[in-house]
Amino acid sequence: MSLLVCVTKRDNTKLLAKLRSLLPGVEINEWPHCPNLERVRCVLAWGAPDNLWPQLANLELVQSYGAGVDGIAMELLPEQVAVTRIVDKKLAEDMAEYVLTHVLAHKLRLHQYFSQQTQRLWKPKRAHQGLHIGILGLGELGKVTAKRLIANGFKVSGWSARDKSVAEVNCYAGESQLPTFLSELDYLVCLLPLTEHTKGMLNRNIYEQLPNHCVLINVARGLHVNEEDLLWALNNGELAGACLDVFAQEPLAEGHPFWSHPAITVTPHCAALTSIDTACEQIAANYLALISSERISNQIDRTRGY
């Protein structure tokens, strides 16, 4: 039995070294250098090529190298294959801190003052008064972010596909309650999982239902955003601004209009980075659980995609 690492578009030297230290004696290969694919029962994956999966006749477990599983083409996996994700509590705290920081940066007009500094302009203004933040997605990241915002005096509403109850959060669920959720927000934070249902969800229809002073903060996935519709909303006064940490194509192309748009703040997918130590500890534990026929942790519901 062997573990195959197929995490594309990155240097995996430290990842492989850490896994080998936690799993001494275990055969660990990095795609495409794997001498015997029939021995592979477990794959650590992100962005794996579609042609990999049909070659793994004895595959039992796919572990996502991330908090989400959208980097795995689950429709290509046999039904009996389990899929897990990384759960990093520090990542949730980092995400909450990022969201709070960018809400306060807008509220205190810091972007405006940075621009004025380059022009040597002295034009103080009162801070924006909006305190109502809506969170799309009330999973672990959404809940921790809501808690941090509430602790800092913000009113928080949350929306999810199914009914949820979160302390001190006004919770909405389903398509029928989405318009009510959107109607009075000062900030909209996207923390949704990326599924076929949520892909492109941040579009013109959503922007038209938000107050025109609302600011979008997307820290989930770039494919949640219809980029053309976002530019339309910003250019036509349907939104006051956007803070984007994730993009449909990463790195963001040099000529992309987001770079220079005065109402957009761009950050390089840095809102919350998974700890390699935490990730490898969970990957190793699940590998050992698999070979011992014990319970696998952090398994997702493949029918829902999260």
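**View 1. Strands β6 and β7 pair side by side, with a helix lying across them.**
Strand β6 (residues 132–136) and strand β7 (residues 155–160) run parallel and are joined by 5 bridges. Here helices (H or I, at least four residues) and strands (E, at least two) are DSSP runs, numbered from the N terminus, and two strands are said to pair if DSSP finds at least two bridges between them. Helix α4 (residues 140–151) lies across both β6 and β7, and runs at about 175° to β6. For angles of this kind, axes are lines fitted to C-alpha atoms, for helices over the stretch in contact, and the angles run from 0 to 180 degrees between N-to-C directions; contact means heavy atoms within 4.5 Å.

The model shown in every view is predicted, so that local features need pLDDT of at least 70 and side-chain atom pairs count only at pLDDT 80 or more, while totals for chains, interfaces and linings use all residues. Residues are numbered from 1 along each chain as its sequence is written, and side-chain values use heavy atoms, with hydrogens and water left out.

**View 2. An open sheet of 7 strands has parallel pairing.**
In general, the strands of a sheet pair through backbone hydrogen bonds, either parallel or antiparallel. The order of the strands in this open sheet is β8-β7-β6-β9-β10-β11-β12. Because β8 (170–173) and β12 stand at the edges with a single partner strand each, one side of each is left without a neighbour in the sheet. On average, neighbouring strands of this sheet are turned by 15° against each other, direction ignored. Within the sheet, β10 and β11 pair in the parallel sense over 4 bridges, and L216 stands opposite A242 in β11. Both faces of β11 are covered, since G241 and C243 on one side and A242 and L244 on the other are all buried, where buried means under 20% relative accessible area, exposed over 50%, and partly exposed in between (1.4 Å probe, protein chains only).

Strand β4 (residues 61–64) is joined to β5 by 3 bridges, the two running parallel, and V62 stands opposite V83 in β5.

**View 3. N29 is a buried residue of strand β2.**
N29 is found in β2 (residues 27–30), and its relative accessible area of 12% places it among buried residues. Leaving aside its neighbours within four places in sequence, N29 is in contact with S2, L3, L4, V5, C34 and P35. By comparison, the C-alpha atom of L76, 47 residues apart from N29 along the chain, is separated from that of N29 by 21 Å.

**View 4. H224 is a buried loop residue.**
H224 lies in the loop between β10 (215–218) and α7 (227–235), and is buried, with a relative accessible area of 0%. When neighbours within four places in sequence are left aside, its contacts include C190, L192, P193, T198, M201 and N218.

**View 5. The second largest pocket is lined by residues from helices and strands.**
This pocket holds about 490 Å³ of space. Of the 20 residues that line it, A105, H106, H111, Q112 and T265 are the closest to its centre. A pocket is defined on a 1 Å grid over the protein atoms alone as an open set of points with protein on both sides within 12 Å along at least five of seven lines, a cavity is a set of points where a 1.4 Å probe fits but cannot get out, and lining residues have an atom within 4 Å of a point. Grid points are joined across faces, edges and corners, and a volume is the space filled by probe spheres set on the points. At least two lining residues come from each of α2 (89–107), α3 (110–119), β11 (241–244) and β12 (264–266), and α3 gives the most, with 5 residues.
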